[in-house]
Amino acid sequence: MKNTSKLVSALALAAMTSTPALAGPDEDQLWVNDEIQMVTEVAAPAHMENIDTLYSGWRYRSNETQAIQMDDFENPGFVGVENAMVSWAKVEGDAGESCQSCHGDVESLKGVRAVYPRWNEAAGEVRTLEMQVNDCRVTRMSAEEWGYTSGPMANMLALISSVSRGMPVNVAIDGPAQATWEHGKELYYMRTGQLELSCANCHEDSVGLMVRADHLSQGQINGFPTYRLKNTKLNTVHARFKGCVRDTRAQTYKPGSAEFIALELYVASRGNGLSVEGPSVRN
């Protein structure tokens, strides 16, 4: 069994390194609805160590996939946005409140997606947007929590993200959030699983290569939640993390775990300066 695992690992790495590198991201520019200009290329933030220029994952997709995201009418992620609009106005829970009761129009949350995850002073922890949504549901509405990667949660994240599209990601990593960020960085570079791969092995060392018919990008998460054509639904960040860890043949963490929260903070900060794109469209 041990020798078999070593052989599988060797074959996987050989497949990644033997495939010729492509030209990298294309030169296309992203405008949504011919109105919202997205920054898909920007100088890397100072805390980045191994990448000089950031590229949105959109730049690594085929022309056909890119075109779907450029038109909200064509983007299937907007079915989730429309469903979330119903949830936004729906009174749930014993408090007789809805999202709309406190926040009014969803446009009031413009800019929120761009700064999450973030340190919550009152709670004394780094919170993801999912955590904040559930806190509102429980504390303000006296309603049940949504599942961390559930359809209703993904839809609501898509709605909140949609009003921030075009704004630069600006996740803070200093002060009390720094320890969580450092933990996330450690996880990003830690080799794991039978294939002994880290996030960095794919999204730094192998950017531009083709693996399983997919063009490896920098793994930016500025487009989440993202509608994946592969599984025909909106996918949240932690659901994607779980899939990536599973692909290394490792025991994965749970969505909403301290490990994935830390990893999300670190990975989100790697995209500082790129535009919020969610809901985006990817393979």
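Reader: Where is the place of Thr-232?

Author: Thr-232 sits in the loop between β9 and β10 (233-235). Strands here are DSSP runs of E with at least two residues, helices are runs of H or I with at least four residues, and both are numbered from the N terminus. The model is a predicted one, in which local features need pLDDT of at least 70 and side-chain atom pairs count only at pLDDT 80 or more, while totals for chains, interfaces and linings use all residues. Residues are numbered from 1 along each chain as its sequence is written, and side-chain values use heavy atoms, with hydrogens and water left out.

Reader: What is the phi of Thr-232?

Author: Thr-232 has a positive phi of about 50°, although it is not a glycine. Most residues other than glycine have a negative phi, and most peptide bonds are trans.

Reader: Is Thr-232 buried or exposed?

Author: Thr-232 counts as exposed, at 53% relative accessibility. Buried means under 20% relative accessible area, exposed means over 50%, and partly exposed lies in between, with a 1.4 Å probe and protein chains only.

Reader: And what about the phi of Ser-142?

Author: Ser-142 is not a glycine either, yet its phi is positive, at about 55°. Ser-142 is placed in the loop between α5 (129-140) and α6 (151-162). With 38% relative accessibility, Ser-142 counts as partly exposed.

Reader: Turning to peptide bonds, which one is cis at Pro-117?

Author: The bond from Tyr-116 to Pro-117 is cis, with omega near 0°. Pro-117 is found in the loop between α4 (99-103) and β5 (118-120). Another cis peptide bond joins Phe-224 and Pro-225, where omega is about 0°. Pro-225 lies in the loop between β8 (214-215) and β9 (226-228).

Reader: At what angle do α9 and α10 pack?

Author: Helix α9 (residues 237-247) and helix α10 (residues 258-269) pack at an angle of about 105°, and their axes are 11 Å apart. That makes α9 roughly perpendicular to α10. Axes are lines fitted to C-alpha atoms, for helices over the stretch in contact, and angles run from 0 to 180 degrees between N-to-C directions. Angles under 35 degrees count as roughly parallel, over 145 as roughly antiparallel, 65 to 115 as roughly perpendicular, and the rest as oblique.

Reader: Which residues in α9 and α10 meet?

Author: Val-237, His-238, Phe-241, Lys-242 and Val-245 in α9 meet Phe-260, Ile-261, Leu-263, Glu-264 and Val-267 in α10, where contact means heavy atoms within 4.5 Å. The residues of this contact divide into seven nonpolar, one polar and two charged. Ala, Val, Leu, Ile, Met, Phe, Trp, Tyr, Cys and Pro count as nonpolar, Asp, Glu, Lys and Arg as charged, and the others, Gly among them, as polar.

Reader: How many salt bridges does a search of the whole structure find?

Author: The search finds 10 salt bridges, each a side-chain nitrogen of Lys or Arg within 4 Å of a carboxyl oxygen of Asp or Glu. One of them pairs the side chains of Asp-72 and Arg-165 (2.9 Å, N to O). Asp-72 lies in the loop between α2 (63-69) and α3 (77-89) and Arg-165 in the loop between α6 and α7 (178-189), so the pair ties together parts that are 93 residues apart in sequence.

Reader: Are Asp-72 and Arg-165 buried or exposed?

Author: Asp-72 is buried, with a relative accessible area of 17%, and Arg-165 counts as buried at 12% relative accessibility.
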